[in-house]
Amino acid sequence: MQTSQLQRTGLMVLLAGQLLPMIDFSIVNVALDAMAHTLQATAIELALIVAVYGIAFAICLAMGGRLGDNYGRRRVFLAGVGIFGIASLLCGIANSVGLLMFARALQGVGAAFIVPQILATLHITLKGRAHARAIGLYGGIGGLAFIIGQVLGGFLIKADIGGYGWRSVFLINLPICLFVLITARRFVPETQNTQRVPVDVSGTLLLAGAIGCLMLALALGPLLHWSWPCILLLVLFPLFLHRLRQSSLRLEAANGAPLLPPSLLRLPSVRFGLTLAVLFFSCWSGFMFSVALTLQAGLGLTAFQSGNAFIALGVAYFIGAMQSTRIVERLGKRGALLMGCGIQMVGLVALIATLQLAWPQVGIFTLIPATVLIGFGQSFIVSTFYRIGMSGVPHHQAGAGSAVLSTVQQSALGLGPMLLGGVFTQIYTHGNHLAAITGTLGVELVMMALLVIFTSLNRRTFQPVTAEG
């Protein structure tokens with residue numbers, strides 16, 4: 001395995017590639033109304049336009065990590081960027097719902113080839129403080145991109161550059177793809193495992209079945225009033241997971257290489273990282289969705305104004321992410337995580353109080369104090385997620401480890417709007433927008449309290465802070 005040092009320019013190229021899939025998770029949300037008018041799309045079709053990207057992304061992540069291990073992480077990274085660029089162009093010129101859904105699914109495949117290579121390359125090519133700083137940047141850019149998507153999407157729809165309307169939210173990806181394709185081969189070192197491992201086809205299909213069933217059921221359930229096909233999908237989800245586990249155990253016992261190695265899942269650091277991902281990232285995306293819905297439907301703000309309401313949160317998040325290495329060195333991973341949870345929880349309480357006191361005269365500037373606290377706290381949670389999750393992963397399993405963490409992270413991001421959005425909708429049907437957002441934020445507070453308790457009870461998971469951060 002080649003282990004040449006990743007230089008600063010190469011790191012910037014990788015992070016530019018990271019922006020692509022992360023932004024597209026949220027940027028499309030603000031364009032849905034415009035898409036509906038142009039393509040005459042139904043509510044179910046809009047839900048599928050959002051869902052197929054997340055489903056394809058989550059399904060192919062583990063396979064993307066394995067391909068990078070086998071054939072070279074830079075090579076697969078470049079292939080992913082190329083696929084993502086072509087898919088973005090198809091999204092931008094789509095004249096039918098069917099073509100747009102296909103292009104969105106293709107975007108998800110490209111994204112799945114991109115993401116595992118970035119974290120694995122950082123894990124292998126950097127050590128010590130350089131590694132710690134790079135992981136901090138990775139977490140910072142990843143989270144900031146989610147917020148950039150909200151703000152940028154609103155701006156592009158309002159500006160209507162060249163008359164492209166909602167299509168510009170996809171076409172904006174093209175110059176970034178070209179930049180990465182031109183520069184990555186020169187500045188990003190190639191790394192791969194010394195021995196190629198066959199792709200676990202049965203594991204890939206079973207994982208696809210599990211994720212597809214869960215995310216489709218949650219995406220379409222509310223729209224189809226939880227009819228029997230949605231219930232059937234939910235029933236099939238644990239069955240697929242059970243078969244995946246049994247298949248992986250048999251393959252590993254036969255000295256094979258399952259897509260999601262059980263030995264990797266038994267590592268305390270990975271198990272903790274996965275629990276953190278489920279509790280936090282589902283809350284994070286659910287929070288963004290519910291607050292955006294409240295600002296637009298409840299307070300009458302435009303998509304552009306709604307996006308601007310997240311700017312202060314994004315700036316605070318990025319500042320916190322840049323300080324995360326120093327904070328982890330001082331407090332340790334566990335201390336930084338608990339601090340982040342505490343700050344975010346104070347911010348959530350402040351946001352509830354702000355909405356209660358100012359409603360319905362809630363302006364963008366009114367939200368700044370609470371959202372700054374929320375963004376600052378979130379930054380430390382995200383940065384420790386990657387540090388903790390990858391800390392015990394051996395180099396030869398870097399791609400698989402990155403893919404496991406990213407698969408659960410992206411699945412949680414996809415589930416968040418459906419889960420917390422369901423809470424929001426249920427409360428709204430018996431009350432109003434203020435009651436709905438207050439109850440939803442209360443549920444998020446409870447989940448963050450569970451994360452604090454879980455962290456406090458798992459002291460042994462956290463090793464003393466080392467040079468690798």
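The following legends describe an overall view and several close-up views of a predicted model of one protein chain.

**Figure 1. Overall fold of the protein chain, with 17 helices and zero strands.** The radius of gyration is 21 Å, close to the 23 Å that the globule rule gives for 469 residues, so the chain is as compact as a globular protein of that length. Along the principal axes, the C-alpha trace extends over about 60 × 50 × 45 Å. Of the 469 residues, 57% are buried. When contacts between residues at least 6 apart in sequence are considered, 83% of them join residues at least 24 apart.

**Figure 2. Surface and charges of the protein chain.** The accessible surface amounts to about 18400 Å², and carbon and sulfur atoms account for 67% of that area. The chain carries 26 positive and 11 negative charges. A distance of 10 Å separates the mean position of the positive charges from that of the negative charges.

**Figure 3. The largest nonpolar core, with 134 residues.** The residues with the most contacts inside this core are Met35, Phe57, Leu100, Leu122, Phe281 and Phe287. Helix α12, which covers residues 268-298, supplies the largest share of the core, namely 15 residues.

**Figure 4. Surroundings of Phe57, one of the residues with the most contacts inside the largest nonpolar core.** Neighbours within four places in sequence are left aside in this view. Phe57 is then in contact with Pro21, Met22 and Phe25, as well as with Gly108, Ala111, Ala112 and Val115. Gln410 is also among the contacts of Phe57.

**Figure 5. Leu218 in helix α9.** Helix α9 comprises residues 201-220. Leu218 has a relative accessible area of 14%, and because this value is under 20%, Leu218 counts as buried. Beyond its neighbours within four places in sequence, Leu218 is in contact with Trp226, Leu415, Met418 and Leu419. The C-alpha atoms of Leu218 and Ala51 are 9.4 Å apart in space, although 167 residues separate the two in sequence.

**Figure 6. Leu89 in helix α4.** Helix α4 runs over residues 73-93. With a relative accessibility of 39%, Leu89 is classed as partly exposed. Leu89 touches Leu171 and Leu174 when residues up to four places away in sequence are not counted. Gln107 is 18 residues from Leu89 along the chain, and the C-alpha atoms of these two residues are separated by 9.9 Å.

**Figure 7. Tyr71 in helix α3.** Helix α3 covers residues 43-71. The relative accessibility of Tyr71 is 35%, and Tyr71 therefore counts as partly exposed. Apart from neighbours within four places in sequence, the residues in contact with Tyr71 are Glu190, Gln192 and Arg196. Between Tyr71 and Thr194, which are 123 residues apart along the chain, the C-alpha separation is 9.9 Å.

**Figure 8. The loop between α2 and α3, with Gln40.** This loop joins α2 (32-39) to α3 (43-71). Gln40 is a residue other than glycine, yet its phi is positive, near 55 degrees. Gln40 is exposed, with a relative accessibility of 63%.

**Figure 9. The loop between α10 and α11, with Asn255 and Gly256.** Helix α10 spans residues 228-253 and helix α11 spans residues 262-265. Asn255 has a positive phi of about 65 degrees although it is not a glycine. At 74% relative accessibility, Asn255 is exposed, whereas Gly256 is partly exposed at 31%. Gly256 and Leu415 lie 159 residues apart in sequence, and their C-alpha atoms are 32 Å apart in space.

**Figure 10. The cis peptide bond from Trp359 to Pro360.** The omega angle of this bond is near 0 degrees. Pro360 is placed in the loop between α14, which covers 311-358, and α15, which covers 368-391.

Key
Residues are numbered from 1 along each chain as its sequence is written. This is a predicted model: local features need pLDDT of at least 70, side-chain atom pairs count only at pLDDT 80 or more; totals for chains, interfaces and linings use all residues. Side-chain values use heavy atoms; hydrogens and water are left out. Helices (H or I, at least four residues) and strands (E, at least two) are DSSP runs, numbered from the N terminus. The radius of gyration is taken over C-alpha atoms; the globule rule is 2.2 Å times the number of residues to the power 0.38. Buried means under 20% relative accessible area, exposed over 50%, partly exposed in between (1.4 Å probe, protein chains only). Contact means heavy atoms within 4.5 Å. Accessible areas come from the Shrake-Rupley method with a 1.4 Å probe; for residues, only the protein chains shown count as cover. Lys and Arg count as positive and Asp and Glu as negative; His and the chain ends are not counted. The place of a charge is taken as NZ of Lys, CZ of Arg, CG of Asp or CD of Glu. A nonpolar core is a set of buried Ala, Val, Leu, Ile, Met, Phe, Trp, Tyr and Cys residues joined through side-chain atoms within 4.5 Å.
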